[in-house]
Amino acid sequence: MEHIGIIHTPYKTKEECPIQPLYSLGSFGRVEVFREYELGLRDVETFSHIYLLYLFDRAGKIDLVRSTFLGDTPRGIYASRHPCRPNGIGFSIVKLVSRNENVLMVERPDMLDGTPLLDIKPYIPKYDCISKASEGWTAGQKWRQKPQDRE
């Protein structure tokens, strides 16, 4: 799999990077799609939000069961969105602010600056919003700062 671009954000370190787009209110990023893939951006600006699929290129040790950023109870990696996973693929829904040729300006990025972009997909509410979906073990969990020294 090849990456199709680079995601630029204000977050230079793991410590300052938010754990979800919800917690990056007021931050902006720039998604630079390589020129050879620019044609694929046609009509993307008709959507208000997009999925960014990217590579966790600076994630640490892979553990199949580990504590998450939200709590101290160890969870299976596939029951979390933790970056330290076997295939290291991340995804985020961001607001698409604008497009200028091969560059997308987005609001609420939650990935490190220089993150390799794997794909872009439109967020389509009538397909992607499941109103009665279960929150699983995250139900009732309070947001907290990332614990120090926890990858």
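Is Arg-108 buried or partly exposed? At 27% relative accessibility, Arg-108 counts as partly exposed, where buried means under 20% relative accessible area, exposed over 50%, and partly exposed in between (1.4 Å probe, protein chains only). The structure is a predicted model, in which local features need pLDDT of at least 70 and side-chain atom pairs count only at pLDDT 80 or more, while totals for chains, interfaces and linings use all residues. Residues are numbered from 1 along each chain as its sequence is written, and side-chain values use heavy atoms, with hydrogens and water left out.

The protein contains one helix and eight strands, assigned as DSSP runs (helices, H or I, at least four residues; strands, E, at least two) and numbered from the N terminus. Their order from the N terminus is β-β-β-β-β-β-β-β-α. For 151 residues, a compact globule would have a radius of gyration near 15 Å, and the 16 Å of the protein agrees with this; the radius is taken over C-alpha atoms, and the globule rule is 2.2 Å times the number of residues to the power 0.38. Along the principal axes, the C-alpha atoms fill a box of roughly 45 × 35 × 30 Å.

Of the 151 residues, 34% are buried. The accessible surface amounts to about 9500 Å², and carbon and sulfur atoms account for 54% of that area; accessible areas come from the Shrake-Rupley method with a 1.4 Å probe, and for residues only the protein chains shown count as cover. Contacts are defined by heavy atoms within 4.5 Å. Among contacts between residues at least 6 apart in sequence, 77% join residues at least 24 apart. The protein carries 21 positive and 20 negative side chains, and the centres of the two sets are 6 Å apart. Lys and Arg count as positive and Asp and Glu as negative, whereas His and the chain ends are not counted; each charge is placed at NZ of Lys, CZ of Arg, CG of Asp or CD of Glu.

The largest nonpolar core comprises 16 residues, a nonpolar core being a set of buried Ala, Val, Leu, Ile, Met, Phe, Trp, Tyr and Cys residues joined through side-chain atoms within 4.5 Å. The residues with the most contacts inside this core are Val-31, Ile-50, Leu-52, Leu-104, Leu-117 and Ile-120. At least two core residues are supplied by each of β2 (28–33), β3 (49–55), β6 (89–100), β7 (103–107) and β8 (115–122). Strand β3 provides the largest share, three residues. Leu-104, apart from its neighbours within four places in sequence, is in contact with Gly-29, Arg-30, Val-31, Leu-41, Val-44, Ile-50, Leu-96, Ser-98, Arg-99 and Ile-120.

Several loop residues were also examined. Glu-38, in the loop between β2 and β3, counts as buried because its relative accessibility is 19%. Residues up to four places away in sequence being excluded, Glu-38 touches Val-33, Arg-99, Glu-101 and Asn-102. Glu-101 has a positive phi of about 55 degrees although it is not a glycine. Arg-108, in the loop between β7 and β8, likewise is not a glycine and has a positive phi, of about 70 degrees. Most residues other than glycine have a negative phi.

His-3 lies in the segment before β1 and is partly exposed, with a relative accessible area of 34%. Its C-alpha atom is 8.0 Å from that of Tyr-54, at a sequence separation of 51 residues. Beyond its neighbours within four places in sequence, His-3 contacts Phe-34, Tyr-37, Pro-116, Leu-117 and Leu-118; Leu-117 is also one of the core residues named above. Ile-19, located in the loop between β1 (5–8) and β2, counts as buried at 16% relative accessibility. Between Ile-19 and Ala-139, 120 residues apart in sequence, the C-alpha to C-alpha distance is 16 Å.

Glu-32 is part of strand β2 and, at 28% relative accessibility, counts as partly exposed. With neighbours within four places in sequence set aside, the contacts of Glu-32 are Ile-4, Gly-5, Ile-6, His-8 and Asn-102. Glu-32 and Met-111 are separated by 79 residues in sequence and by 14 Å in space, C-alpha to C-alpha.
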